[in-house]
Amino acid sequence: MHLRVARHTNNLKEIENFYVHVLGFERLGGFQNHNNYDGVFIGKPDLDWHFEFTQSATKVAHVFDEDDILVLYPDTIRKYNLMYMQIMDHNIEFIEAVNPYWNENGRMFLDPDGYRIVISPLKATKLN
């Protein structure tokens, strides 16, 4: 099974920059003016999932619940630490999660659309 997580945004360039340069994903492709939508596919080439972000003339009014969270599990402690430092280097503030589990098992921050993301070392058991 393959998975695509799709979300509309008002800030396509900013979202692309954030997911590629801050979180370390890659731009896998994109499109311009396809049925009045521009879009970008972001992920890793060796994974069977990716994000699709789109933008159109229709403005988005996102309403995310505090428990709507994207959770990323880097697969090594080294990768977790690198992601953590990238977030810090870009002056992105960590925030408290409503669910205490994520405060104990990860670090939460917001993407440019205000969507909550957690990075968690929970599954990062290799030390290299």
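Colleague: How much space lies in the largest pocket?

Modeller: About 480 Å³ in this predicted model.

Colleague: What makes a residue part of its lining, and how many residues line the largest pocket?

Modeller: A lining residue has an atom within 4 Å of a point of the pocket, and 17 residues line the largest pocket. Phe25, Lys44, Pro74, Lys79 and Met83 are the ones nearest its centre. Strand 5 and helix 2 are the elements that each give two or more residues to this lining. Helix 2 supplies the largest share, four residues.

Colleague: How do the residues of that lining divide into nonpolar, polar and charged?

Modeller: Eleven are nonpolar, two polar and four charged.

Colleague: What is the reach of helix 2, and what is expected at 1.5 Å a residue?

Modeller: Helix 2 covers residues 77-89, which is 13 residues. From first C-alpha to last, helix 2 reaches 18 Å, close to the 18 Å expected.

Colleague: Which residues of helix 2 are called buried, and why are they said to be on the same side?

Modeller: Buried means under 20% relative accessible area, and in helix 2 the buried residues are Tyr80, Met83 and Ile87. They cover an arc of only 65° around the axis, so they lie on the same side of helix 2. What covers them includes helix 1 (12-22), strand 5 (69-72), strand 6 (107-110) and strand 7 (116-119).

Colleague: Which residues are exposed on the other side of helix 2?

Modeller: Arg78 and Asp89; exposed means over 50% relative accessible area.

Methods. Residues numbered from 1 in each chain as written. Predicted model: local features only at pLDDT ≥ 70, side-chain atom pairs only at ≥ 80, totals over all residues. Heavy atoms only, no water. Expected span 1.5 Å × (residues − 1). Buried < 20%, exposed > 50% of the residue type's maximum accessible area, 1.4 Å probe, protein only. Arc of directions from axis to C-beta. Contact = heavy atoms within 4.5 Å. 1 Å grid on protein atoms, 1.4 Å probe; cavity = no way out; pocket = protein on both sides within 12 Å on 5 of 7 lines; lining within 4 Å. Points joined across faces, edges and corners; volume = space filled by probe spheres on them. Nonpolar A, V, L, I, M, F, W, Y, C, P; charged D, E, K, R; others polar.
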